Amino acid sequence: MKRVLITGAAGHLGNVMRPRLNDWATEVRLSDITKVDNIKANEQFVQCDLGDAAAVMSLVEGCDAIVHFGGVSTENTFDNILNGNIKGAYNLYEAARKNGVKRIFFASSNHVVGFHDRETLLDAHCAMRPDSMYGLSKCFGELLAQYYYDKFGIESAVVRIGSCFPKPSNRRMLSTWLSEGDLSDLIKKVYAADRLGCTVIYGVSDNPSTWWDNRHAKFIGWTPKDSSAVFENEAYLQEEQADPNDPAVRFQGGGFACAGHFED
Ligand code: NAI
Ligand code: 15L
């Protein structure tokens, strides 16, 4: 891989993926609306608001690959989501088209399907049931990726990330947990594939309990190696009360599905 752009580089996943992807790329262009520190020899930092079309156009210039983590990552005001996730995704795909970028790793979210209940096994072809304005903005991003593939041939991995944190912080995350190692392997597999098309992939480790089936993405050859089983007996997870009638327990999106509508 030659020059890779990582958006959202100041955020959680940007920070954890940066060292893991460093050897993989000759040059890494890091970008965020917030400053990124400790720039390494093969890294470059470009501060940029994804909602600024002209800035995003020059940000993407000269890049061969884009790992798109940037944007609002939880529920927020519509204006913030509109700027970072809707205009931001549009600006990024337009910039990719005009700069000849052929393949994008798009960090979508499980909150695109958060209103499915947990007894339902989902695959890439299930209906979108967003659980939040945030989830809705990721639906837009996923459809945008499909449109840019159908019309312009730009390939995307549309990755519905579960919960990528060092460990599950609640019982729900025993089913949604994605390890950092499995995520970095997935990014590399996405760029190693001969063909990708526009493929929806659930970003989840090999957990004992799962609501997601990745059979339509098997051709990529990604096999998650980690499992939340190692955390199952941790005391903080045993103590959590699980009321089966609580919407946060019924729906896949957990707290996002039962939170009130976010207003300013
Ligand atoms: P994060 O919130 O830590 O990082 C997102 C970064 O995007 C932040 O550094 C923020 O400054 C930047 N950003 C926000 N608005 C921006 C704008 N208008 N212009 C430029 N940069 C902007 O989130 P995290 O956890 O690192 O997630 C990365 C991506 O993965 C996000 O798109 C998120 O929706 C997605 N994701 C993450 C999951 C996880 O478990 N960490 C689960 C599902 C999806
Ligand atoms: C997400 O989409 C968020 O970005 C992340 O912060 C977590 O809340 C995650 O989903 C989750 O569902 O655990």
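Strand E4 (residues 65-68) has Ala65 and Val67 pointing one way and Ile66 and His68 pointing the other, and all are buried; a residue counts as buried if 20 or more other C-beta atoms, placed from the backbone, lie within 10 Å of its own, as exposed if 12 or fewer do, and as partly exposed in between. In a regular strand the side chains alternate between the two faces of the sheet. Strands (E, at least two residues) and helices (H or I, at least four) are DSSP runs numbered from the N terminus.

The model is predicted: local features need pLDDT of at least 70, side-chain atom pairs count only at pLDDT 80 or more, and totals for chains, interfaces and linings use all residues. Residues are numbered from 1 along each chain as its sequence is written, while chains are lettered from A and ligands numbered from 1 in the order in which they are written.

E4 belongs to an open sheet of seven strands with parallel pairing, in the order E3-E2-E1-E4-E5-E6-E7; two strands pair if DSSP finds at least two bridges between them. Strand E3 (43-47) and strand E7 (198-203) are at the edges with a single partner strand each, so one side of each has no neighbour in the sheet. From one strand to the next the twist averages 20°, with axes taken as lines fitted to C-alpha atoms and angles running from 0 to 180 degrees between N-to-C directions.

Four bridges link E4 in the parallel sense to strand E1 (residues 3-7), and Val67 of E4 is the bridge partner of Ile6. E4 also pairs with E5 in the parallel sense, over three bridges, and here Ile66 has Ile104 of E5 as its bridge partner. E5 in turn runs parallel to strand E6 (residues 155-161), joined by seven bridges. Ile104 stands opposite Ser156 in E6.

Two ligands are present in the model. For each, a residue is counted as near if its C-beta atom, placed from the backbone, lies within 6 Å of the molecule. Ligand 1 is surrounded by 26 residues, the closest being Gly8, Gly11, Ser73, Ala107 and Ile161. Helix H1 (12-22), helix H3 (78-99) and strand E5 (103-109) each contribute at least two residues to this shell. The shell around ligand 1 holds 10 nonpolar, 14 polar and two charged residues, where Ala, Val, Leu, Ile, Met, Phe, Trp, Tyr, Cys and Pro are nonpolar, Asp, Glu, Lys and Arg charged, and the others, Gly among them, polar. Around ligand 2 stand Ser73, Thr74, Ser109, Asn110, His111, Ser163 and Thr176; this shell has seven polar residues, no nonpolar and no charged.

Ile187 is in helix H6 (residues 180-192) and counts as buried because 24 C-beta neighbours lie inside 10 Å. Phe231, in the loop between E7 and helix H7 (235-238), is partly exposed, with 16 other C-beta atoms within 10 Å.
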